Structure formats: structure tokens, C-alpha cells
Amino acid sequence: MQLARRLNKLPPYLFVDINQRIAELRAKGEDIISFALGDPDLPTPSHIIECMCQAAHDPANHRYPETGGLPTLRQAIAEWYERRFGVTLNPDKEVLPLIGSKEGIGHIALCFIEPGDIALVPDPGYPVYSVSTIIAGGEPYFMPLKEENDFLPDFKAIPEPIAGKAKLMWLNYPHNPTGATADIDFFEKAVHFARQHNNLAICHDAPYTEVAFEGYKPPSFMQASGAKEVGVEFHSLSK
């Protein structure tokens with residue numbers, strides 16, 4: 001078999017490498033605290049397991065699901081967005097349940113990236129942002145997140161030839177792995193940048209908006225003026 005050349009461009013998956021190193025150290029008897037994948041260290045609450053069991057016994061759930069997800073689920077998501085962020089979403093046109101947010105993050109580059117296009121990717125950041133770009137035939141351009149800039153990308157530092165070819169930009173706040181946060185003013189600057197550069201798409205990966213402390217409530221990218229016109233936001237139930 002001859003593999004596609006694009007596979008040669010893919011870097012080793014970070015979490016596989018970390019898990020291998022952890023396994024090697026544990027085999028030597030080392031006591032390791034893992035900072036690899038964010039797997040829960042507590043069992044799933046029993047009432048959730050019971051609900052899952054009841055749903056598994058319902059024959060209505062033994063079929064293929066609706067392509068757009070259950071209407072009741074989409075409505076519940078839209079209502080949560082309204083309560084949590086004050087953002088109004090159309091559950092039929094602006095909400096899409098996925099197998100997991102990673103499914104969407106891994107595939108959305110195929111919607112925006114043509115061969116030779118550029119995606120603006122935060123560094124450090126979730127490896128799938130760059131990997132999905134490569135699979136779509138594009139090139140990731142890494143935006144350094146520096147402490148002196150509060151771990152936010154400096155849009156002015158992106159060379160104009162790069163910005164002009166960019167079709168997609170990834171953001172992730174609260175940020176993994178730095179824990180940095182962004183406010184609505186920053187998101188509005190991102191919207192302005194997108195409008196200045198071919199209305200490039202902004203994908204905001206937001207699985208950590210509900211992981212905050214001391215009364216802080218992280219905002220949604222969709223709270224920024226004009227965000228709906230240029231952006232998509234991913235949430236997750238696994239955090």
C-alpha cells in the first residue's frame with residue numbers, strides 16, 4: 001500500500017508520546033501525576049449512569065439519530081446559551097450536536113481550507129488545530145502566545161502576506177495549557193481582524209468556560225459584536 005503524502009506531514013500525536021513516557025516511568029516504579037489527557041479521576045455520578053441505562057432500554061434509541069441531533073437537545077442548548085451568556089441562538093440553524101467537539105474540530109478545516117491556504121493556530125495549543133489543517137491540504141501558521149501579552153495572540157505581529165492567505169483562525173479561551181483568559185474586547189478585536197482579512201473564519205474552542213474560580217465567569221466568543229457573522233464556537237460536555 002502507498003499512503004498519501006499528506007500523512008508524512010503529520011507530527012506525532014502529543015498525547016500518545018506523553019502516555020508512552022508515563023508508562024515507561026511507571027514501569028520503573030515511579031509515582032507519576034499525569035498531566036496528559038484530562039480524564040476524570042472520579043466515577044460518573046450514579047444518577048447519570050441510571051439515566052443512560054434507561055435510555056439504552058428504550059427502542060426509540062436503537063435507530064440512527066437525526067442528522068441534526070434531537071430538536072429537544074438543540075433547544076436545550078440554545079436556552080443554556082441564553083441563560084449563561086445572554087446570546088440568542090436559533091436552535092434549528094445555529095446549533096449542531098456532534099459526537100464530540102473533537103469531531104467538529106477535526107473536520108471543520110475541510111469546510112474552509114483549500115490546498116495552499118493558511119490556518120492561524122495558537123502556540124501552544126491543542127494539536128488537532130494544526131493536524132486538521134494539514135489533512136485539509138493547508139498550512140498551519142503558529143501564533144506565539146507570550147506571557148508578556150497575557151498569552152493572547154498579537155494580531156499586529158502576523159505578517160500581512162500570511163494574514164492575506166489565512167482562511168481560518170483558531171482561538172481557545174480559557175486556554176489550554178496556560179489557563180489564560182480573554183475578555184469580550186479581545187474577541188471583538190478578533191472579529192475586526194477577520195473582517196479586515198477576507199472574512200476569515202474564527203473557530204473558538206471553548207470547553208473550559210465552566211471551569212473557573214472565585215466567581216469569574218468566562219465569556220463566550222459569541223458575545224462579541226459581529227461574532228456570528230465570522231465565527232463558530234465549540235463546547236463540550238466532557239469537562
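The structure, a predicted model, holds 11 aromatic pairs (rings of Phe, Tyr and Trp, the last by its six-membered ring, with centres within 6.5 Å; planes under 30 degrees apart count as stacked, over 60 as edge-to-face and the rest as tilted). One of these joins W80 and F85 in an edge-to-face arrangement, with 5.4 Å centre to centre and 90° between the planes. W80 is partly exposed at 26% relative accessibility, whereas F85 is buried at 7% (buried means under 20% relative accessible area, exposed over 50%, partly exposed in between, with a 1.4 Å probe and protein chains only). Y129 and W170 form a stacked pair, 4.7 Å centre to centre with 15° between the planes.

Residues are numbered from 1 along each chain as its sequence is written. Local features need pLDDT of at least 70, side-chain atom pairs count only at pLDDT 80 or more, totals for chains, interfaces and linings use all residues, and side-chain values use heavy atoms, without hydrogens and water.

The domain assignment, which is automatic or from a database, gives domain 1 (68–97) and domain 2 (101–234). The contact (heavy atoms within 4.5 Å) takes 8 residues from domain 1 and 10 residues from domain 2. About 690 Å² is buried between the two domains, 49% of it from carbon and sulfur atoms (the accessible area, 1.4 Å probe, lost on putting two parts together, summed over both). Y81, R84 and F85 lose the most area on the domain 1 side, together 63% of what that side buries.

Between the domains there are 2 salt bridges (a side-chain nitrogen of Lys or Arg within 4 Å of a carboxyl oxygen of Asp or Glu). E94 forms a salt bridge with K228, with the closest N and O atoms 3.1 Å apart.
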